[in-house]
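Have the sequence and the model open as you read.

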Amino acid sequence: MTRRHGYVLLTAIVALIVVVFAALCAGGASGTGRLAAAPAAGRAPGHSAAPASSGAWVATWAASPAAAEPGTETTGLAGRSVRNVVHTSVAGTSARITLSNLYGHSQLRVTHASIAVAAGDATAAAATRTMRRLTFAGAPSVVVPPGGQVMSDSASIAVPRGADVLVTTYSPTPSGPVTYHPQARQISYVAQGDRTEDVTGAPYTEQTTVWRYLSALDVLSDEADGTAVVLGDSITDGITSTVGADRRWTDVLSGRLRAAVEAGEDVPRYSVVNEGISGNQVLADGLGRPSDNPGGLSRFERDVLERTGVKVVVVDLGVNDILRNPRRGDAELITGGLRALVTRAHARGLNVVGATLMPFEGYRASTPAREAVRQQVNAEIRDGRVFDAVVDFDQALRDPQNPRRLRAAYDSGDHLHPSDLGYRTMAETFELGLLKGAGQAQL
């Protein structure tokens, strides 16, 4: 290169620097001294009125869509406000919801939705100044297609840990079957007309023990780094726990985990969400299209891998494969199905903690042959041939004098499902360090 050519090149470089500097100055003309930020990936313009905040998006509550609600086949819940009450596992500064129309045969048109912190226990009233209108891609209404789901924009709201949150939707038109979770163990509410942003709770004269449409509540949290998702059946669903008291074993586990974090123990900072469905099996789906009560293999992607911030999976499934199978179930098929779940989790880099199956002698479907299958499944689990880590619920809750039965104090009375004390014992048995993960099993 000649000297003359070198001067020309240097002049061009200087000119380019001047242009870039001028652009930077123009970008900072707002007085912030920073370039205007581009919208976050995957976020529509107007996605949220919430200010920028630090933290991680995690699921603070979730429930699996389980079936179409009987009696809603024609009109759905047209002209009524549905106020779901859900309990949080971690706090956050912003929130967003997921609505499901999985079992709907036609479009679900939601014209108004809101979120608020409940004023207290067992109430449809909102705490002062917490009511927020929810939007969807910037609009106050949304259409959820049959078989589909939608996530709302984020709303700026201080969501406390261990609090009840009110999520309300209103649909003016018939939508067909309502997608619901039948064993909420929580009182929710319904009102006539559009009472979505009512804060008094007075119009909500109808009570229900099911959750409708709502399948997840996420928060932007600075006290959690991820989500622990628990996949299970009625025992995880907490079917015999006290209604409205949040005494499922997953509720107690969440409380223990948060207390350990605050005490400075070496445990992960995770929320805990419950993806139990009563009657659920590993292998078999229920009837219908889509299937009522889809089995663990069918719903694993939707209910576990797609949960916001999932970091670890806990599985307590298999007892219904034994008790509901007319041929008493097959231990190899059940453990094979559980291993398939683990393999799919491993493909996403997730560890899986699995539980042994608890005793059921005295339950109406109990037989010696089915007990033998349970023992075979538990032997495989304990030997480390199914999960990455094991929590032994069987050993913790069985009667020392008769290991085929639940200890009386832990038995709800049906000889299969635990009492509140039994659920608490399950959670207290769970070694919190297992949630950290210590390598994946070679299956």
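Asn274 counts as buried, because its relative accessibility is 12% and the cut-off for buried is under 20%. The model is a predicted one. Asn274 sits in strand β18, which spans residues 270–276.

The side chain of Asn274 has polar partners in the backbone. One of its polar atoms lies 2.6 Å from the backbone oxygen of Thr236. The backbone nitrogen of Gly276 is 2.8 Å from a polar atom of this side chain. Beyond four places in sequence, Asn274 touches Ala62, Ala63, Val230, Thr236, Asp237, Arg248 and Thr250.

Now the aromatic rings. The whole structure holds three aromatic pairs. Trp61 and Trp211 make an edge-to-face pair, with centres 5.0 Å apart and planes at 80°. Trp61 is buried at 6% relative accessible area. Trp211 is also buried, at 6%.

Trp249 and Phe430 are stacked, because their planes meet at 20° and stacking needs under 30 degrees. Their ring centres are 6.3 Å apart. Trp249 belongs to helix α3 (residues 249–262), and Phe430 to the segment after α9, 181 residues away. Both Trp249 and Phe430 are buried. Ring pairs also bring in Phe393, giving a cluster of Trp249, Phe393 and Phe430.

Two arginines lie over ring faces:

| Arginine | Ring | Distance to ring centre |
|---|---|---|
| Arg96 | Trp57 | 4.1 Å |
| Arg374 | Phe360 | 5.9 Å |

Notes
Residues are numbered from 1 along each chain as its sequence is written. This is a predicted model: local features need pLDDT of at least 70, side-chain atom pairs count only at pLDDT 80 or more; totals for chains, interfaces and linings use all residues. Side-chain values use heavy atoms; hydrogens and water are left out. Helices (H or I, at least four residues) and strands (E, at least two) are DSSP runs, numbered from the N terminus. Buried means under 20% relative accessible area, exposed over 50%, partly exposed in between (1.4 Å probe, protein chains only). A polar contact is a pair of N or O atoms within 3.5 Å; within protein, one must be able to donate a hydrogen and the other to accept it, and residues adjacent in sequence count only if both atoms are side-chain atoms. Contact means heavy atoms within 4.5 Å. Rings of Phe, Tyr and Trp (its six-membered ring) pair if their centres lie within 6.5 Å; planes under 30 degrees apart count as stacked, over 60 as edge-to-face and the rest as tilted. A charge sits over a ring if NZ of Lys or CZ of Arg is within 6 Å of the ring centre and within 35 degrees of the ring normal.
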